[in-house]
Amino acid sequence: MKKMAIIYWSGTGNTQAMAEAIAEGAKAGGDSVELFEVEQFDKKTLEQYDGLLFGCPAMGDEVLEEGTYEPFFTEVEKGLKDRPVALFGSYGWGGGAWMKDWEERVRNDGAKLFADGLAIENTPDDEGVAACQQLGKDFAASL
């Protein structure tokens with residue numbers, strides 16, 4: 001059984017809803033999934049997971065949330081080389097440029113980025129929830 005961590009930050013609940021749906025999809029395959037708000041995750045346990053899913057909405061000028069998530073991610077990205085990683089998050093305006101920048105950053109860190117990041121505008125509707133569940137299921141199957 002593979003072990004995954006889903007680590008997210010959510011200001012409005014949209015990215016949290018995505019994280020929960022991704023966890024549902026990943027658990028459907030029988031894998032072990034742990035869901036963490038970013039403040040709850042112990043960075044020292046990063047190596048305990050076979051796969052990592054990171055979620056953060058676009059903020060301000062299409063960047064990761066700067067108060068909590070950006071400092072966290074800057075610290076953990078040093079340990080992502082050769083690790084399976086998936087990205088997700090919500091946005092309220094713009095075209096999702098933050099996700100493309102984040103994907104490039106993760107690739108440059110040497111992580112094994114699983115597909116393109118999943119970006120959903122505002123609250124995930126039924127189609128968005130299904131896309132999140134599929135991401136969880138597919139990511140789990142890839143480990």
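Analyst: A polar contact is a pair of N or O atoms within 3.5 Å; within protein, one must be able to donate a hydrogen and the other to accept it, and residues adjacent in sequence count only if both atoms are side-chain atoms. The model is predicted, so local features need pLDDT of at least 70 and side-chain atom pairs pLDDT 80 or more, while totals for chains, interfaces and linings use all residues. Residues are numbered from 1 along each chain as its sequence is written, and side-chain values use heavy atoms, without hydrogens and water.

User: Which side chain is joined to that of R83 by a polar contact of 3.1 Å?

Analyst: R83 is placed in the loop between helix 2 (69-76) and strand 4 (84-91), where helices (H or I, at least four residues) and strands (E, at least two) are DSSP runs numbered from the N terminus. The side chain of R83 reaches the backbone oxygen of L46 at 3.2 Å. At 3.1 Å, its side-chain partner is E47.

User: Is R83 buried or exposed?

Analyst: Contact means heavy atoms within 4.5 Å. Beyond its neighbours within four places in sequence, R83 is in contact with L46, E47, Y49, D50, L52, A111 and K112. Buried means under 20% relative accessible area, exposed over 50% and partly exposed in between (1.4 Å probe, protein chains only). Because the relative accessibility of R83 is 9%, this residue counts as buried.

User: What is the phi of D82, approximately?

Analyst: Most residues other than glycine have a negative phi. D82, in the loop between helix 2 and strand 4, is partly exposed at 47% relative accessibility. Its phi is positive although the residue is not glycine, with a value near 65°.

User: Which residues does G92 touch, not counting those up to four places away in sequence?

Analyst: G92 lies in the loop between strand 4 and helix 3 (97-108) and is partly exposed, at 44%. N122 has a positive phi of about 60° without being a glycine. The residues touched by G92 are E121 and N122.

User: How many residues does the largest nonpolar core have?

Analyst: A nonpolar core is a set of buried Ala, Val, Leu, Ile, Met, Phe, Trp, Tyr and Cys residues joined through side-chain atoms within 4.5 Å. In the largest core, the residues with the most contacts inside it are I7, F54, Y69, F72, F73 and W102. Strand 1 (3-8), strand 3 (51-55), helix 2, strand 4 and helix 3 each give two or more residues to this core.

User: What is the orientation of helix 1 and helix 4 to each other?

Analyst: Axes are lines fitted to C-alpha atoms, for helices over the stretch in contact, with angles from 0 to 180 degrees between N-to-C directions. The axes of helix 1 (residues 14-28) and helix 4 come within 6 Å and cross at roughly 45°. Angles under 35 degrees count as roughly parallel, over 145 as roughly antiparallel, 65 to 115 as roughly perpendicular and the rest as oblique. The two helices are therefore oblique.

User: At roughly what angle do the axes of helix 2 and helix 3 cross?

Analyst: Helix 2 and helix 3 meet through Y69, E70, F73 and T74 of helix 2 and W102, R105 and V106 of helix 3. These helices are roughly parallel to each other. Their axes come within 11 Å, and the crossing angle is roughly 25°.
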